[in-house]
Amino acid sequence: MELRHMREFGVLVALLLVGALISLATPYFLTTNNLMGVFRAFSLTAIMSIGMVMVIITGGIDLSVGSAMGLASLVTALTFGAGYSTAAAIAAGLGTGLAFGLFNGLLITAIGLPPFIATLGSLSIGRGMMYMITHGVPVTPETPEIFSVIGQGYVGPVPVPVIIMVALMIIFAIVMRRTRFGRHVYATGGNEYAARLSGVKVNRIKLAVYVLSSTIASLAGVIGFSRYLSAEPASGFGSELDVIAAAAIGGASLAGGIGSVTGAVIGAALVGVIANGVVLLNINTYAQQAITGGVILIAVSLDVLRNRYTGGNG
């Protein structure tokens, strides 16, 4: 079994164990309504983690996904407010994310800024732009009823955002495991120098993953706006931490070269289940952050120890 599959399996076992413990403590956890609510709650984090894990596999980090999400939500709302169609509003939101990712990617590949600095700057720029545009006031335009289906609709008992999450997970899991692009992403993070020598266009790969990360985050922003039909100035604030946590818990190595889309989504699910358990068990909600932080430390510590034991060869 490949290492990434072993890591996915370990996180899945942890998820099932946590779910089993919560279900023993409260009969409400395994109800259909609650489970669908849990899936809906973590779906946006899981969607963004799909882009984030690709960035982390290359050895980078994207701190700006929360700002990309919020700015895309705002641009979508403003486009509706200007009287444009649903298709135009969605395209504007996704285009915002694409431009955001292109900006990040060029800072990193063309100028040579460290990913942490480049995306930290983008985070602040995006957040500042949102407050400048809205003056701190939510934007709530009139929207067609069909648009709300994206964030509020169901297919049977399953929320539409969950279906979008699963579809993206399947698509990008195949891309990362079965295509040349996916192999080059892993090669870039595993050993950038060797990847260059073997003909991998490393800068193109890095540019592509940052564009994908921000574009996927902008999709989460469009879905979020569709759910609440209001673009809040603080939308997406702090979500980058949850997204990075999901990827790290899901087995992605912050040193690069290791990780998987499936693992990141399972990591997001684990965080979501813990959050739901905190509510159902009537635990102080502030404890959720402490518990999540502890899980992150355990996951990253295990990664460090594993690398030390295997001599850094996975």
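**Contacts and overall form of the predicted chain**

Apart from its neighbours within four places in sequence, Pro161 is in contact with Arg40, Ser43, Ile47, Ile150, Gly151, Gly153 and Ile223, where contact means heavy atoms within 4.5 Å. The model is predicted, so that local features need pLDDT of at least 70 and side-chain atom pairs count only at pLDDT 80 or more, while totals for chains, interfaces and linings use all residues. Residues are numbered from 1 along each chain as its sequence is written, and side-chain values use heavy atoms, with hydrogens and water left out.

Pro161 is found in helix 7, which covers residues 160-178. Helices (H or I, at least four residues) and strands (E, at least two) are DSSP runs, numbered from the N terminus. With a relative accessible area of 2%, Pro161 is buried; the term buried stands for under 20% relative accessible area, exposed for over 50%, and partly exposed for values in between (1.4 Å probe, protein chains only). Pro161 and Ala252 are 91 residues apart along the chain, and their C-alpha atoms are separated by 24 Å.

The protein chain as a whole has 13 helices and two strands. For its 314 residues, a compact globule would have a radius of gyration near 20 Å, and the value of 19 Å for the protein chain agrees with this. The radius is taken over C-alpha atoms, and the globule rule is 2.2 Å times the number of residues to the power 0.38. The C-alpha trace spans about 55 × 55 × 35 Å along its principal axes. Of the 314 residues in the protein chain, 49% are buried. Among contacts with a separation of 6 or more, 79% are between residues 24 or more positions apart.

The accessible surface of the protein chain comes to about 14,500 Å², and carbon and sulfur atoms hold 68% of this area. Accessible areas come from the Shrake-Rupley method with a 1.4 Å probe; for residues, only the protein chains shown count as cover. There are 15 positive and 10 negative side chains, and the centres of the two sets lie 13 Å apart. Lys and Arg count as positive and Asp and Glu as negative, without His and the chain ends; each charge is placed at NZ of Lys, CZ of Arg, CG of Asp or CD of Glu.

Helix 11 (residues 239-249) is mostly covered, with nine of its eleven residues buried. Among these buried residues are Ser239, Glu240, Val243 and Ile244. Just after helix 11, Gly251 takes a positive phi of about 105 degrees.

The loop between helix 10 (202-228) and helix 11 contains Ser230, and Leu229 has its place in that loop. Ser230 counts as buried at 14% relative accessibility. Its side chain is joined to that of Glu232 by a polar contact of 3.2 Å, a polar contact being a pair of N or O atoms within 3.5 Å; within protein, one must be able to donate a hydrogen and the other to accept it, and residues adjacent in sequence count only if both atoms are side-chain atoms. Not counting residues up to four places away in sequence, Ser230 touches Pro138, Val139, Thr140 and Phe225. Leu229 is partly exposed, with a relative accessible area of 27%.

Most residues other than glycine have a negative phi. Leu229, however, has a positive phi near 55 degrees, and for His135, not a glycine, phi is positive at about 55 degrees. His135 lies in the loop between helix 5 (115-134) and helix 6 (148-152) and is exposed, with a relative accessible area of 68%.
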